[in-house]
Amino acid sequence: EWIENILHGVATKYLQNYLNWFRFKEIYKGVDIIKEMINSALDPTGYLKYQNIEVNYAMFIKSQNI
């Protein structure tokens, strides 16, 4: 419903972005969302989470034993 009202439809190309936006809205429900967006964007630990993403992904694949 929120996608239809705000974004006027869905393009599967951007589905992950819609889901990220929805999750962000749910996490910060009842909070000043603009302030939280700015704080999240400026959070230096956010970058560090993805710094070694290739290594973490390779370890994840190895742990699946597929």
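Guide: The protein chain has five helices and zero strands, in the order α-α-α-α-α along the sequence. Helices (H or I, at least four residues) and strands (E, at least two) are DSSP runs, numbered from the N terminus. This is a predicted model, where local features need pLDDT of at least 70 and side-chain atom pairs pLDDT 80 or more, while totals for chains, interfaces and linings use all residues. Residues are numbered from 1 along each chain as its sequence is written, and side-chain values use heavy atoms, without hydrogens and water.

Visitor: Why does isoleucine 34 count as exposed?

Guide: Exposed means over 50% relative accessible area, buried under 20%, and partly exposed in between (1.4 Å probe, protein chains only). Isoleucine 34 has 53% relative accessibility, so isoleucine 34 counts as exposed. Its place is in helix H3, residues 33-42.

Visitor: What makes the contact of glutamate 26 and lysine 29 a salt bridge?

Guide: The term requires a side-chain nitrogen of Lys or Arg within 4 Å of a carboxyl oxygen of Asp or Glu. For glutamate 26 and lysine 29 the N to O distance is 3.3 Å, so the pair is a salt bridge. The structure holds one salt bridge.

Visitor: Why is glutamate 26 called partly exposed, and why is lysine 29 called exposed?

Guide: Glutamate 26 has 39% relative accessibility and therefore counts as partly exposed. Lysine 29 is exposed because its relative accessible area is 57%.

Visitor: What share of the protein chain counts as buried?

Guide: Of its 66 residues, 9% count as buried.
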